[in-house]
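Biologist: I would like to learn how to read a few features of a protein model. Could we begin with charged pairs?

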Amino acid sequence: KQWYQRRVAITAGGREYVVYMGRDKMENEDLLRWGWPEDVWFHVDKLSSAHVYLRLNKGEGVDAIPKELVDQCCQLVKANSIQGCKMAAVDVVYTPYPNLKKTGDMVAGQVGFHKNKRVVKVNVEKNNEVWKKLEKTREERDVDLKLEREGRDREDQEELKKRKKVQREMEKVQIEKERKEREMKSYKLMDANPDLCTSNQFDNESDAERELVDDFM
């Protein structure tokens with residue numbers, strides 16, 4: 001099966017962002033299955049609506065989302081809610097993708113949360129200005145969610161390999177550094193105590209002494 005989904009490119013603050021939006025509850029399930037850790041999930045609270053996933057860059061969090069972008073994502077879910085699109089205002093909730101919880105007793109398209117304190121709720125009224133801008137800047141195309149997720153996972157694996165390789169090289173350098181430091185300490189000790197001899201020197205002296213004794217005898 002190919003996991004095709006609507007990918008919407010929207011612009012906020014001079015930067016282009018990508019969001020994913022399901023057409024029905026089964027597509028919402030696909031989004032839930034193939035989401036990325038950087039995604040932020042938007043939905044109309046307590047009403048059926050499209051699930052919108054905003055894709056951020058690695059290292060970015062909910063606090064980094066520009067208000068303009070939040071407004072556009074909220075307008076998207078409101079407009080794609082059968083009931084919500086008819087209402088003057090609705091509450092919209094959004095949370096990081098890893099906070100979504102799916103249990104076996106939930107129906108298709110239904111999700112919960114691991115931690116409610118990580119859920120942000122905003123009241124959203126229809127804003128024609130935001131919607132007009134969204135309509136002008138957005139581009140839609142179908143994408144293969146499974147293929148994109150697998151590509152991301154491969155990139156993560158390659159990055160992990162590189163980090164491990166760098167770590168091993170650093171450990172080697174540290175081990176060599178410690179070895180040289182021990183050698184230097186040993187040399188300094190010998191320089192400070194010239195009367196100290198190596199075990200070989202003691203052995204040589206013992207041999208010389210034995211030769212003298214033998215000659216005397």
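Modeller: A salt bridge is a side-chain nitrogen of Lys or Arg within 4 Å of a carboxyl oxygen of Asp or Glu. Note that this is a predicted model, where local features need pLDDT of at least 70, side-chain atom pairs count only at pLDDT 80 or more, and totals for chains, interfaces and linings use all residues. Residues are numbered from 1 along each chain as its sequence is written, and side-chain values use heavy atoms, with hydrogens and water left out.

Biologist: Which residue forms a salt bridge with Arg15, and how far apart are the closest N and O atoms?

Modeller: In general, side chains of opposite charge can pair when their charged atoms come close. Here the partner of Arg15 is Glu60, and the closest N and O atoms are 2.9 Å apart. The pair links distant parts of the chain, 45 residues apart: Arg15 is in strand 2, and Glu60 is in the loop between strand 4 and helix 2. Helices (H or I, at least four residues) and strands (E, at least two) are DSSP runs, numbered from the N terminus.

Biologist: Is Arg15 buried, exposed or partly exposed?

Modeller: Buried means under 20% relative accessible area, exposed means over 50%, and partly exposed lies in between (1.4 Å probe, protein chains only). Arg15 has a relative accessible area of 26%, so this residue is partly exposed. Glu60, at 28%, is partly exposed as well.

Biologist: How many salt bridges does a search of the whole structure find?

Modeller: The search finds 16. One of them joins Glu183 to Arg179, with the closest N and O atoms 2.5 Å apart. Both residues lie in helix 4, four residues apart, about one turn of the helix.

Biologist: Now the nonpolar residues. Which members of the largest nonpolar core touch the most other members?

Modeller: In soluble globular proteins, nonpolar side chains tend to be buried together. A nonpolar core is a set of buried Ala, Val, Leu, Ile, Met, Phe, Trp, Tyr and Cys residues joined through side-chain atoms within 4.5 Å. In this model the largest such core has 26 residues, and Phe42 and Leu54 touch the most other members. Helix 2 gives the largest share of this core, six residues.

Biologist: What is the overall make-up of the chain?

Modeller: The protein chain has five helices and nine strands. Of its 217 residues, 34% count as buried.
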